[in-house]
Amino acid sequence: MKAAAVVADILKREGVQFLIGYPVNPIIEAAAEADIRTIIVRQERTGLHMADAVSRVTSGERIGVFAMQHGPGSENSFGGVAQAFGDSVPIVVLPGGYPRRLLNIPPNFSSFLNYQHVTKWAEQVILTEAVPAAMRRAFTQVRNGRPRPVLVELPYDLLHDEVPDGWTYTPAPRLRTGPDPRDVARVAAALVAAERPVLYAGQGVHYARAWPQLRELAELLEAPVTTSLQGKSAFPETHPLSLGSGGRSISKQLHHFLSNADLIFGIGCSFTTTSYGVAMPNGVPIIHATLDPADINKDLRAELALVGDAGLVLDALLPEVRDRLRGGPRGRAEAVGRQIAQLKSEWLAQWNPRLTSEGKPLSPYRVIWDLLHTVDVANTIITHDAGSPRDQISPFWEPVAPLTYLGWGKTTQLGYGLGLAMGAKLARPEMLCVNLWGDAAIGFTGMDFETAVRERIPILSVLLNNFSMAIELKIMKVATEKYRSTDISGNYADFARALGGWGERVTEPNAIVPAIKRAIAKTREGTPALLEFITEQAEDFSIFP
Ligand SMILES: Cc1ncc(C[n+]2csc(CCOP(=O)(O)OP(=O)(O)O)c2C)c(N)n1
Ligand SMILES: [Mg+2]
């Protein structure tokens, strides 16, 4: 068998159903021969974002794989891999390499060298007989430990050469690590002793599918729960103990409870300091449970720590907590829930004029609010984009089911949301998959709306067009006044139609809901839809200094 066919065969054995890619890479042809659906994008970055979503929405049960060519293909892929690295998403990246006689000679781009800092594992294969072992190492790395991209660079000529007979392959296992029982007992004691604990869930809960245990712990402790943006939807935000998610903008109830906490328990999170994550208050003790010991004491000092898979950590904690509570809840839940509900209603009352605004251009908050109340939230997967749309939607969108909100922001590549929605739709075709983005974001990856049309990946793309990079207005005052440097323009409904999709421009508040309904109907027919809402250059966010 030729090396390309061996790779395709291994992908199949690893459960890969789609190979997302961009030519030229012989693995694409070999995958098609092996009946793996090949999906060709318009630029590499979007393809990586799609592969990323496949891994995210399946908790890494199915690994997204992307293949591209050596040189320009690999050079152009950097952003997609860097985004997956920043947000800790497990994907397999298969760049072609220059033919071996030219492989490591400047100026030829070496994926092996250049991707070292945005992958957890990068390898360059130069012997055909090493292909199966390289793939085994890559899949073992990607399935285990800290989720992050892995890369195998396969030179063009090598892929056409024969792998000697006798090779074998066994799919890589998924292994979990559990916490030290002594530390579990300490943490359980601290959690039970705390009077005002707050639970903070990260995406480790998604990868471990530890949603039921998280909920059980919250209800046992009668403690309020928040999440990182990446962890959003790990806990139903309609639950009486939910504080909503923590991003750059947050709810009033989250601000209040975090500020008054006497203990914060982070589970499956990195506690990385970021502009797009709620800051932990100074001086409040932190308990940090995470998979990767490299995150312990990194940005924040941990009073106590547990290292392990979020599911095993919670499984170990639950009986220890239950024992210490001696069988009875302490009757706090009602008071905590009442206080959350009170603060939430004050907060929503304050935002109500924006959420229900009749103004024109449209309030972005009105668009988000109407979207939330028109879709079937439990059966919708939504993602934001960089820029104001992220900070406008994340505090107000209330997911009720796991992995129905794809949150991100450790790095914030404009245009990431489109590929995420497309990858989510591939992996979960029964769901309505939505990306919410601004007019700067569409400038980066918009052409891949054509991929959605061509490949029949019927997503709903919600564009807030304010003809501006509004989030930059405050910091580019002079450049805007003198040179209109934050202005941008475009007619994206026409653009969507020109690419063969459904496109509508919406300017009237009472036209928002009917347009959403028509667009959803189109997605059900298999046509991707883009709704272009003409919005104001809003500069108000639910931010607490
Ligand atoms: C690739 C990339 N370059 C630059 C940025 C910095 N950036 C973040 S948001 C933004 C402008 C966002 O404008 P738009 O998408 O129209 O949203 P708006 O704030 O206008 O609602 C820029 C330039 C980024 N996040 N990603
Ligand atoms: Mg804009």
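Reader: Why is Phe 109 called buried?
Author: Phe 109 has a relative accessible area of 15%. Buried means under 20%, exposed over 50% and partly exposed in between, with a 1.4 Å probe and protein chains only, so Phe 109 counts as buried.

Reader: What am I looking at, and how are things numbered?
Author: This is a predicted model, where local features need pLDDT of at least 70 and side-chain atom pairs pLDDT 80 or more, while totals for chains, interfaces and linings use all residues. Residues count from 1 along each chain as its sequence is written, chains are lettered from A and ligands numbered from 1 in the order in which they are written, and side-chain values use heavy atoms, leaving out hydrogens and water.

Reader: What makes Phe 109 and Tyr 115 an edge-to-face pair?
Author: Rings of Phe, Tyr and Trp (its six-membered ring) pair if their centres lie within 6.5 Å; planes under 30 degrees apart are stacked, over 60 edge-to-face, and the rest tilted. Here the centres are 6.2 Å apart and the planes make 80°, so the pair is edge-to-face. Tyr 115 is buried too, with a relative accessible area of 0%. A search of the whole structure turns up 8 aromatic pairs, and ring pairs also link Trp 347, Trp 351, Tyr 365 and Phe 396 into a cluster.

Reader: How do you know that Lys 232 sits over the ring of Tyr 405?
Author: The test asks for NZ of Lys or CZ of Arg within 6 Å of the ring centre and within 35 degrees of the ring normal. The charged end of Lys 232 is 5.1 Å from the centre of the Tyr 405 ring and sits over it. Arg 248 does likewise with Phe 541, 5.1 Å from the ring centre.

Reader: Why do β7 and β10 count as paired?
Author: Strands (DSSP runs of E, at least two residues, numbered from the N terminus) pair if DSSP finds at least two bridges between them. Between β7 (residues 197-201) and β10 (residues 263-267) there are 5 bridges, so they pair. Leu 199 stands opposite Phe 265 in β10. Both strands belong to an open sheet of 6 strands with parallel pairing, in the order β9-β8-β7-β10-β11-β12.

Conventions
Helix = DSSP H or I, 4+ residues; strand = E, 2+ residues; numbered from the N terminus.
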